[in-house]
Amino acid sequence: MPNDNPDLLGATEGSKQKQIRRRKLYDRLARHVVFVGGVGIIFCIIGILFFIGIETIPLWKSPDKKLESVSEMEQSIASGAQDGRVHIFGLGVDEYREQIFTIDSLGSVRFFTLKEEPTLLKIHTLSHKTSGYTSFYKARSNTSYALADREGRVKPFDVTFKVEFREGIERTIVSKVSEEESLKIAQEPIVLFAYQISPDTGTPVVAAYTDSGRLVTYAEIEEDGGFMEESGTEVFTTDLTSELAGAEVTGVQIDYATANLYVSTENGKLYHWSLSDLSSPQLKSVLDATGNPDVPVTEIGFLLGHRSLIVGDAAGNVSVWFETTNGGEGSRLRKVHIFTPLLAAVDKFSASQRGRGFIASDVLGNIALYQATSAEKQLDLPGEGRPYMGLSFAPKANGVVAVDSSMVLSNYHIDNPHPETNFRSLFGKIWYEGYDKPEYVWQSTGGTDEFEPKFSLTPLAYGTLKGAIYAMILSIPLAILAAICVSQFLHPSIRNVVKPVIEVMAALPSVVLGFLAGLWLAPLLEKIFVATLIMPFIVVVLTLLALFCWQRLPVSFSGRFRVGAELFTIVGVIGGAVALSLWLNAPIESLVFAGDFKDWFFRIFDLRYDQRNMLVVGFAMGFTVIPIIFTISEDALSSVPRVLSAGSLALGANRWQTATRIVLPSASAGIFSAVMIGFGRAVGETMIVLMATGNTPVMDWSFFNGFRALSANIAVELPEAPHGGTLYRVLFLAAILLFLATFLLNTLAEILRQRLRRKYAQSDA
């Protein structure tokens, strides 16, 4: 009977109203929490991207210059000269740009403070007695120099700076000049010369061009006297004048290894001698450096490392040459980089001590900053129409000092923290020093200070794509076919067991999978490689044969089992096929591959087998991606209305036809989303790629080779990258590329998914 008590009814209504208000409060609270959380996540992502973008901006910044001071050198620099003036041969600066020094024709090394008005600090005059110096040479480092005099002698010396701190705070630069013994090279004035110390023997090697037009080499070679005799030093002097064919020499250079002699001439030729035998130099080649015999080569010099030769001519052209191999014909000197020319004849070079940059000046006083890796002119410093007597690139590549013919000192500050990066060097082919042709190369570090950094991100992007594609080749068919089988052919009780088991695979840490792939799977796969090749064919054949036999079984027998029970029979058949493949491994390798498949592939296809290769990564990453694709695909297939499949079966279609022609197209939008999500997962995978590959940034689709992905490269390189350095910022750029790749993939996936949904008029899976 209905309750007519008004008090009880009022209490009930009041309780309901309180519950409704409480629910509304909870709804509003939940809505605000979700909104704040969603907005917070969006802002966090935007903040991370903003930070990453800020870190990469300096890579694209153009070099900047600032003329800090222009001043006249002290008049006392000319004291002692017969004509009241002195010729400055060389100019140098310490790494802090606080002191400069000049080397002049009087044999004096003068040190100045580098301020608005340079102040003379001290003068060191070489103890070498001579009637005058005629030429100057700067050796490999920033400390070794030499002067040649009118008597045909060469005087080596070193100029060094030492940093001291007073009371641990104030920095003081202490300069020092150390002299070496003079060398008698010729009997006449030396016009041009090159001087180096052999790194193998520690003895001097000199090439000199004299006033009479003679080109001679001088080398001291230590002779081993044997067991009973004392060792000694023998001097070898060789005259190379006849090989010049009467051309006037304009430049002489010997590399630091004392293995090559380069000589430029007024008729535009570049001569190259091999000094592998210092007692008998051999002419290797005579090259046309300018392309016009009326255009002389005016200056030659070396880049850092003394493997690349800088050549400048009277037309203002600047180029870089180095030796490359020419097939089986050995190495030869080639013009590799051609730069934007100067306005007049090239006069001087000064190479950076920290990279592949250098500065060049012309006879009108114009200075240009060049970068050899990217083969571009980065900066112009216009002159006043007067040639420079001294030109020096600061040791930290952050400044330029120059003294012109009017004794005017110009001091420039250069802001160029990342000279080797531009779009071409990061993504294009670059002709690196020592390579035979332009290539995509990633090699961020080397064993010497002269190493040329190679920051091409193309092989890393290539490796990322390669790894993802190989993983998808394995995972897509297995995952989608498994999803079709589980959703359409298995009994629900079996499906409720199989699906969670496969989903649990996604919980396995990728570092564990990478560990197993690198230390267990890679050696195992090398032993059973032939079995791996034949296994798919044997599995398919035996599986089809087993299914054919199952269909031929009497209904009275097969009907006793639940729908999908044949899966367990197929599992046993697959296990037998795997065992058969392993048993056939050794016989087939002996029969087809002559007992060694690695040697066979190398001889026939020139393919080298690396133990940690793409097959290992494909299996490991495919195992990681399969649960993702399977779960989403199975949900999409199970969400297709049963009415569609029931109608198909009622019209006479079998279960396979219904699954492939009705259910699969209807769920295609969800399956496509699953594939794209899996692809994004493979693109961003780090630990498996890091541990299961050789981390070699090669561009080769062969599944015998490894690769290096963007994500793995960040994990490997970032801990060792100096904060704010070029490598540090390039790694952040790699992170942006990864984000853009996944963003574009997800965007494309969503666009195609929406089209598929509209096409099949199916709701979102």
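**Before you start**

This is a predicted model: local features need pLDDT of at least 70, side-chain atom pairs count only at pLDDT 80 or more, and totals for chains, interfaces and linings use all residues. Residues are numbered from 1 along each chain as its sequence is written, and side-chain values use heavy atoms, with hydrogens and water left out.

**Stop 1: the second largest pocket**

Select F136, K138, Q253, E299 and F349. Of the 46 residues lining the second largest pocket, these lie nearest its centre. A pocket is found on a 1 Å grid over the protein atoms alone, as an open set of points where a 1.4 Å probe fits, with protein on both sides within 12 Å along at least five of seven lines; lining residues have an atom within 4 Å of a point. The space in the second largest pocket is about 1,200 Å³. That volume is the space filled by probe spheres set on the points, which are joined across faces, edges and corners.

Now colour the strands. Strands (E, at least two residues) and helices (H or I, at least four) are DSSP runs, numbered from the N terminus. Strands that each supply at least two lining residues include strand 2 (88-93), strand 6 (133-138) and strand 15 (249-254). Which strand gives the largest share of the lining? Strand 23 does, with six residues. By class, the lining has 22 nonpolar, 17 polar and seven charged residues. Here Ala, Val, Leu, Ile, Met, Phe, Trp, Tyr, Cys and Pro count as nonpolar, Asp, Glu, Lys and Arg as charged, and the others, Gly among them, as polar.

**Stop 2: salt bridges**

A salt bridge is a side-chain nitrogen of Lys or Arg within 4 Å of a carboxyl oxygen of Asp or Glu. The count comes to 24 by this rule.

Select D635 and K499. Their closest N and O atoms are 2.5 Å apart. D635 lies in helix 10 (residues 614-638) and K499 in helix 4 (residues 492-504), so the pair ties together parts that are 136 residues apart in sequence. K499 is buried, at 17% relative accessible area, while D635 is partly exposed at 33%. Buried means under 20% relative accessible area, exposed over 50%, and partly exposed in between (1.4 Å probe, protein chains only).

Next, select D149 and R153. This salt bridge has its closest N and O atoms 3.1 Å apart. Is D149 buried or exposed? D149 is buried, with a relative accessible area of 0%. R153 is partly exposed at 23%.

**Stop 3: a nonpolar surface patch**

Select V511, V512, F515, L516, L519, W520 and L524. They form a nonpolar patch on the surface, with about 640 Å² of accessible area together. Patches take residues with over 30% relative accessible area and no salt bridge; nonpolar side chains (Val, Leu, Ile, Met, Phe, Trp, Tyr) are joined within 5 Å, like charges within 9 Å. Areas come from the Shrake-Rupley method with a 1.4 Å probe; for residues, only the protein chains shown count as cover. L516 lies in helix 5 (residues 510-527) and is partly exposed at 40%.

**Stop 4: two single residues**

Select R214. It lies in the loop between strand 12 (204-210) and strand 13 (215-223). R214 and L240 are 26 residues apart in sequence and 7.5 Å apart, C-alpha to C-alpha.

Finish at P477, in helix 3 (residues 458-488). P477 is partly exposed at 37%.
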